Structures are given as C-alpha cells and as structure tokens.
Amino acid sequence: MADADPILIIGAGQTGAVAAATLRDLGHAGPITLIGQEAHAPYERPPLSKAVLQTADAHGQTAVHAGDFYEQQRITLLTGTEAVAINAADRTVRLADGRALSYSRCLLATGGRARELPSLPRGTPGVHYIRTLDDAAALRAGLTAQARVAVIGGGFLGLEVASTARALGAQVTVLESAPRLLERVLPPALSDWLAERARRAGVDLRLGARIVRSDWQPHADASVTQQARFAIELQDAAAIAADVVVVAIGLVPDVALAAQAGLALDPANGGIVVDEACRSSDPYIYAAGDCASQHRRHLNMVLRLESWQNANEQARAAAAGMLGQPAPAEPYPWFWTDQYGCNVQMLGLPQPDLVYACRGVPQVQVEAPKFIWLGHRDGVPVHAIAINAGGDLRQLRVLFEQGIPIDTQRYADESVALKPLVKASQQNAAAS
C-alpha cells in the first residue's frame, strides 16, 4: 500500500489507540481515522474495577495517550460515532450519521460487550455491568460504606470489584457457579488459597452458587438501604439481600460488523479469524484485541485472549501487517490482576498433565505473601502464577519463551538464587 493511503480503525479503545500510534511509528504518513462509539478518548480498561471505583478523578489515569496526542500525530479521532456497515467490495465504512469513509486497510478493534444475565438485564436500577468508564462511574456512586453488594461471577473482574468494594467498606457477597475460583486458569491448590484470601478480607464467598430467582423492589428513596433492593434466591434455598448487584459473567466479542462484512468467525470462541499478521479472511480487513481469534504458537492452540498485553501486542502486529512489514515476535501470554492486597501475574495457561513446584510459602494470613507456582512438563516451564513476585517472574520468562527446562528441586529451594539458576538453565540448554 502507498504511504498516503487512508487507514480506518473501528474501535477507539486501547487496541485501536495503540495501533494508530504504531502506524505512525512505522512510518505511515497517510490519513488515519479512529472511530469510537464512546464519548471518551481511548482509555485502558483494567483500572475500571480498581482505581476508577475509588476516585471520581481517575480518567486521567486511564488514558492511553495524552490529550493532544491525536492532534499532534494527525490522527482523526471520531468519538461518539458508530460504524454501522462495511462495504468490502468498494472498501468503505458507513457511519450512523450517513457518512461513508474510504479505506485502503481497515482494522476492527471492536472489543466486546459484557455478557448479560437475562433475569438482571442492563438498565435495571441497581444492576451494574462493568465494561466502560461510564459503567464504572455509575457503580462508584453505589459503593457507599455498608452498602450490601452482590457480585455475580467470580472471575478476574468480579473478584477485583469485590476487593475494591470491600476496601471501600461495603458488605460483599460473591456468587460463583463453579466449584472453584478461576478454575480454568489456576491449579486447585492456588484456587483454594485465593478463596481463603477473599474470605479473610471479609467477602462472603459462595461457590457452586446457582441462582434460581432474583426479585427487585424499587425504593421510593434511593438512599434507603435498610430494605434491600434485591433478594437473590439460590438453589440451596439460601437468600442473599443486596442493595447493589454487579454482574460479571464474561464478555461477548463484538463481531457484528465482521459478520455483516462476511468475514470468517471462529465457531469455538466467536472471534474474528486472523492470521499471524492479524489479517482476516478479507485481505484488506484486519482484527485485533478481544474480538480476534488467532493461533498462539507458544500454547499451540487457537484462542481469543482478553488481556492488556494482547490488546497492545496484537495492535502492533496488525499495524505492521497493514503496512506489509514483518510482525513482531509473538510474546508468551501474560495476564495480571490486583486483588485482596496481592499483585497476581500469570504466564501461559494450564495444560493437561502439568506438575507444579512452588517457590515460597503460600500463606493466607500474611499481608503481602510472595511465591510462584511453576507448572512444568519434564522441567520445561509452561504455566506460572506469581503472587507479589513479578520481578522473579520476569527472570523466568526466557525459559518459557525458549522452552528451556529448569531444575525444579533447586527452583523450589529459596536458598538458591533465581538469577544464576536461570542463567545455568540457559547454558545447559545451549550445551546440549
């Protein structure tokens, strides 16, 4: 494509903003238009369940770029604007206001929307879904001290909201339908540790909780909390009273435009199928972020990853792909969350037949415990969960990326320094 060709990015979130910046960094001089439905300039979503719930002036902390960045980089930012159709044949995008914009390349960075619970739909007074800055601001107003908060869903988002609400003085109940917390990403022992950590923080954690009915009673005075707005009945006949309900049961990829344009979708995860350059089944349309499904070399599986890292890395890969430049090296999947006084970082995902070794002591009662669970196959690290040990995890990352085995007995011995152990593992691999 020529340097002057126009590029459209649909979705003004973190992925779209990083892609636009990368296009300029890689030398694209032509027009770049960034289209977003929200009224806000692009911002990062992880703070929505943490800092944004704690302070009314948190938007400055969430912005992807400074306020004048888009003007300085000659990036046209259209906020409060919806793209309603793609005409792939003539390479145009129609907007809700009737305008049609041409593109040489188009990036879909449409993300996703919060999955809704039919019995507690979005818009019900007192019911909150956390996907946007405005969603978080609305919930913040309800997180008063001693408010009774029911969080439906014990995934990352639900647990982060529960942790923040407890820190603000709210009474919190978490309802998780699975028998364990985060059972798809944590080994059982660590899942149990996290559950106990939440309970020690004062969260009423209900695992295996099945909701059979939820009744809503509007208050004449919204400040009244003696009479709960919600009565949630569980399958075991338990009843949960709540003034505020937060539904955090996952995300649905926003692929409506992709489907309308006839792009291939992954039947397993619903995402837009893309190659290593984030190119879709249409060679002029790319996709990245929460809405994209891609084969992951390190995990040897096709996934749609919802993470801060993936939003950034796929954005950069898509920008390079649109300009016909080589894609950057694929990073090992990394996730993080902050909850109950702990920074939790993860490399990779659980896989069958992994054996776990622990470095450090996973104490529940310690204010800031430090340890790493390392999941390996014949000594080769595949999955790791670091609690307040992000620096140590960074030292181990090279072993994951290069498939280098480590002496797991020495790894579990805290008297053995980690940095020399990693270096020795690399030297042994090079010599073999």
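## Cysteines, cores and a loop histidine

A search of the whole structure, a predicted model, finds zero disulfides. A disulfide is a covalent bond between the sulfur atoms of two cysteines. Two cysteines illustrate the result.

| Cysteine | Nearest cysteine sulfur | Distance |
|---|---|---|
| C278 | C291 | 9.4 Å |
| C358 | C342 | 13 Å |

The cut-off for a disulfide is a sulfur pair within 2.5 Å. C278 is in no disulfide, because its nearest cysteine sulfur, that of C291, is 9.4 Å away. C358 is likewise in no disulfide, because the sulfur of C342 is 13 Å away. What is the relative accessible area of C278? The value is 0%, so C278 is buried. C358 has 21% relative accessibility, so this cysteine counts as partly exposed.

Next, the nonpolar cores. In soluble globular proteins, nonpolar side chains tend to be buried together. Here the largest nonpolar core has 69 residues. V149, V172, L396 and Y411 have the most contacts inside this core. Beyond its neighbours within four places in sequence, L396 contacts I372, I406, Y411, L418 and V422. Another core, of 26 residues, lies apart from the largest one. Its members include I9, A17, A20 and A315.

Last, a histidine in a loop. Where is H298 found? H298 sits in the loop between β20 (292-296) and β21 (301-303). Is this histidine buried or exposed? H298 is buried, because its relative accessible area is 17% and the limit for buried is under 20%. Its side chain makes a polar contact with the side chain of R297, at 3.3 Å. Leaving out residues up to four places away in sequence, H298 touches E330, P331, Y332, P333 and E401.

Notes
Residues numbered from 1 in each chain as written. Predicted model: local features only at pLDDT ≥ 70, side-chain atom pairs only at ≥ 80, totals over all residues. Heavy atoms only, no water. Core = buried A, V, L, I, M, F, W, Y, C linked by side-chain atoms within 4.5 Å. Buried < 20%, exposed > 50% of the residue type's maximum accessible area, 1.4 Å probe, protein only. Contact = heavy atoms within 4.5 Å. Helix = DSSP H or I, 4+ residues; strand = E, 2+ residues; numbered from the N terminus. Polar contact = N/O pair within 3.5 Å; in protein donor to acceptor, adjacent residues only side chain to side chain.
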